[in-house]
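Here is a short briefing for a first look. Have the sequence and the 3D view at hand.

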Amino acid sequence: MKKIVSIEKQELSAEKVELAIADDIQRVTNALNSQISIDDRVTKESVKFYSDLVNKIPKAKEQIKTNRSVVKATDSKINIAENTLKEAKRAADDLGVNPKSIDGYNELEQLIDRVQKSQKNVDEISDRLQRLF
């Protein structure tokens, strides 16, 4: 009788181990299936980012060229404006008047300052774009 009880205990222990292992297998299987879903979502998002970037790189490089041209054109316009202010100051000095009393003089000074700041912004963003490549 002891032998039968011992065999039954062994069989019950084996069944418990099998059930525990089956539970572990199911839990790990569920975790991996969930991970596949996460990986698929992340891969899809990454592929979209990659595709968007690849499509934008040539456009960004072209924008850098455009920005550099704008900066050069702005330099020319600023030089003309500064020379105009110098001529106005010279003329005012010759006449013995304050150059700031000339219509538009103050506005042109302020505008030169604003354009220089704007030009600096265009130049800085171009440099930042360029560093990406």
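Lys61 is partly exposed, because its relative accessible area is 43% (buried is under 20%, exposed over 50%, partly exposed in between, with a 1.4 Å probe and protein chains only). This is a predicted model, where local features need pLDDT of at least 70, side-chain atom pairs count only at pLDDT 80 or more, and totals for chains, interfaces and linings use all residues. Residues are numbered from 1 along each chain as its sequence is written, and side-chain values use heavy atoms, leaving out hydrogens and water.

- Lys61 lies in helix H1 (helices are DSSP runs of H or I with at least four residues, strands are runs of E with at least two, numbered from the N terminus).
- The charged end of Lys61 sits over the ring of Phe133, 5.3 Å from the ring centre (this requires NZ of Lys or CZ of Arg within 6 Å of the ring centre and within 35 degrees of the ring normal).
- Lys61 and Leu129 are 68 residues apart along the chain, and their C-alpha atoms are separated by 8.0 Å.

**The chain as a whole**

- The protein chain has two helices and zero strands.
- It has 133 residues, and 11% of them count as buried.
- Take the contacts between residues at least 6 apart in sequence: 73% join residues at least 24 apart (contact means heavy atoms within 4.5 Å).

**The nonpolar core**

- The largest nonpolar core has six residues: Ile78, Ala81, Leu85, Ala88, Tyr105 and Ile112 (such a core is a set of buried Ala, Val, Leu, Ile, Met, Phe, Trp, Tyr and Cys residues joined through side-chain atoms within 4.5 Å).
- Helix H1 (2-95) and helix H2 (105-131) each supply at least two residues of this core.
- H1 gives the most, with four residues.
- Ile112 touches Ile78, Ala81, Glu82 and Leu85, leaving out residues up to four places away in sequence.

**Gln119**

- Gln119 lies in helix H2.
- Gln119 counts as buried because its relative accessibility is 13%.
- Its side chain reaches the backbone oxygen of Val71 at 3.0 Å.
- Gln119 is in contact with Val71, Thr74, Asp75 and Ile78, setting aside neighbours within four places in sequence.

Technical notes: Polar contact = N/O pair within 3.5 Å; in protein donor to acceptor, adjacent residues only side chain to side chain.
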